[in-house]
Amino acid sequence: MSVSAPAAPRTLNTFLGRWTMYRFTVWVLLALAAWSFVLSFAGVLFYTPAELGATAATAVASTLITSRVAGLLLRTRPQTDSSLITGLLLYFLFWPSTEGAQLGAVALAGAVATASKYLLAFRRRHIFNPAAVGAFVVALTGLGGAVWWVATPGMLIAVLPAAVLVLYRNRLLPMAGIFVLTAAAVTMARFLAAGESLPGALTTIAVSYPLVFLAGFMLTEPLTLPPLRVQRLLEAAVVGVLFSVPLSLGPVMMSPELALLAGNLLAFAMGQRGAVRLRLLETRELTPTARELVFEPSRPVRFRAGQYVELAVPHFEPDSRGSRRIFSITTPPAEPGTVAVGLRVADSGSSFKTALLRMRPGAEVGATTVAGDFLLPRDAHTPVLMIASGIGITPFISQLRQIRGEDRDIVLVYAASSVDELAYAGELRELNVRVLVCTPSDPGISGWTWLGPVLPDAAVLSREIPDISGRAVYVSGSPRAVAAARKAVRGAGGRRIRTDPFLGY
């Protein structure tokens, strides 16, 4: 269970964590679609409500039907949220129409996009953004092409805040920012060189180019991203340049979707990992409200201590949190034969956790993504402060297991709702780490220092860790606990802070 300071406010992360990134994106895209109808009825958009409705219905129906057919043929359970996202993205890319030929192009784009998830894939993980593939292939056929009509002033009013929310939820604002800045700078240079005025160029870029939409909903599609932040920033810069420069290869002209596909290929080359099947070996009780699930992967899983894995557990009638969730890996990379995750069971009312916790040894789940930058400093001489709240201890366990036996200066502040909820307490006693524990009562563990019932404030941190300004600080736990701890660290003089808020807990 997560613990926070008494005055910790409810954060935006807490609110957004009610949904998985996929389900949240569906809701946001549906809201944008609704906004487009509002603009149409108001006469702001050139397209009629009938044209918008016909295009939206065709795009979504095509992706859903193709997904169901592929599921039957390949004996897999289709991801409804993923299909909806692809269909809604195509709705915003193709020219709205009620004409059969135009709708046929949209339907073809939806079918191609869905098929690409299975055909253009590596180890059951698709390489390219499906909507971009669909749009690009239709353009090659000459039947039509993406016009990105979403890039209009009226739509930007809603697209901008919607994209910011999705990017914030998925912790991808820096990547999107690099893309937008790069694309805008290169395009601006081209306009100015052609004699365009600065105000005119700025206006055109802002309201007529799909920078925000592509950054918020397509460039940052989770399954096509490289695992590390620096790799993602490089991909964003490359796509930004390609997006802005009018290149051509024979009859094929550069387009937003082609620029994105090139970025996807770069991401794959930089280490995008294919999906892995995980077979459950055992379920261990960590605390009365937490479990650790230990899996055997179908092939070795490459990861770094502190990273997370996304598990896919298809099940009947998934709730608003969907059928895929992210969990920190608790095993060390030095033991690739097993992959374990820790999770709370107190909120197992979610359909995902109910299905996951009902699994018996031998059952299999899919690991679709391994990524994250919650990594310890490469310099082993850098002193570290870890602050864990509840199940937020899991990424630290992987890190501490990995460096077992090394002489590193590490202080762990560990908060839990009760002494019984101190997961991995026995193992932590054996590791070379100083522990400051925060529980309602003193656990009486030899070598540990009890700080009281709540996470320490700035004054307590300054007293207990006087060299905090020189430490690399890592904070993990619920969004409210992370926000409170971050504020306390700042107040105590800490500067280098990395956070890992556990959304949805």
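Helices (H or I, at least four residues) and strands (E, at least two) are DSSP runs, numbered from the N terminus. The expected span of a helix is 1.5 Å times one less than its number of residues. This is a predicted model, in which local features need pLDDT of at least 70 and side-chain atom pairs count only at pLDDT 80 or more, while totals for chains, interfaces and linings use all residues. Residues are numbered from 1 along each chain as its sequence is written, and side-chain values use heavy atoms, with hydrogens and water left out.

**The whole chain**

Start with everything shown. The protein has 17 helices and 16 strands. Its C-alpha trace spans about 75 × 55 × 40 Å along the principal axes. A compact globule of 505 residues would have a radius of gyration near 23 Å, and the 24 Å of this protein agrees with that. That radius is taken over C-alpha atoms, and the globule rule is 2.2 Å times the number of residues to the power 0.38.

Of the 505 residues, 56% are buried. Buried means under 20% relative accessible area, exposed over 50%, and partly exposed in between (1.4 Å probe, protein chains only).

Contacts (heavy atoms within 4.5 Å) come next. Among those between residues at least 6 apart in sequence, 73% join residues at least 24 apart.

Select residues 80–93, which form helix α4. Its 14 residues should span 20 Å at 1.5 Å a residue, and the end C-alpha atoms are 20 Å apart, which agrees. Of these 14 residues, 12 are buried, including Asp-81, Ile-85, Tyr-91 and Phe-92.

Move on to helix α5, residues 100–119. From first C-alpha to last, its 20 residues reach 27 Å, close to the 28 Å expected. Its buried residues include Leu-103, Val-106, Val-112 and Lys-117.

**Annotated spans**

An unreviewed UniProt entry places the feature "transmembrane region" at residues 24–47, 53–74, 150–168, 175–194, 200–220 and 232–252. UniProt positions are given in the numbering used here, feature names are shortened, and annotations may be inferred rather than shown by experiment.

Select residues 150–168: the span is 84% helix and 0% strand, with its end C-alpha atoms 21 Å apart. Then select residues 175–194, where the chain is 95% helix and 0% strand and the end C-alpha atoms lie 29 Å apart.

Within helix α7 (residues 153–169), pick Gly-154. Gly-154 is buried, at a relative accessible area of 12%. Leaving out residues up to four places away in sequence, Gly-154 touches Trp-35 and Leu-39. Val-245 is 91 residues from Gly-154 in sequence and 26 Å from it in space, C-alpha to C-alpha.

Next, find Arg-171 in the loop between α7 and α8 (173–193). Arg-171 is not a glycine, yet has a positive phi of about 60 degrees. With a relative accessible area of 43%, Arg-171 is partly exposed.

**Two nonpolar cores**

A nonpolar core is a set of buried Ala, Val, Leu, Ile, Met, Phe, Trp, Tyr and Cys residues joined through side-chain atoms within 4.5 Å. The largest has 75 residues, and those touching the most other members are Leu-29, Phe-92, Leu-93, Phe-179, Phe-213, Phe-217 and Met-218. Helix α2 (residues 21–41) gives the largest share of this core, 9 residues. Apart from it lies another core, of 31 residues, including Ile-410, Leu-412, Val-435 and Tyr-474.

Return to Phe-179 and show its neighbours. Not counting residues up to four places away in sequence, Phe-179 touches Leu-211, Leu-214, Ala-215, Leu-219, Ala-236, Val-239, Gly-240 and Phe-243.

**Two last stops**

Select Tyr-424, in the loop between β12 (410–415) and α15 (425–430). Tyr-424 has a positive phi of about 65 degrees although it is not a glycine. Its relative accessibility is 8%, so Tyr-424 counts as buried.

Finish at Glu-464 in helix α16 (residues 458–464). Glu-464 counts as buried because its relative accessibility is 18%. Beyond its neighbours within four places in sequence, Glu-464 is in contact with Arg-434, Leu-436, Thr-449 and Leu-451.
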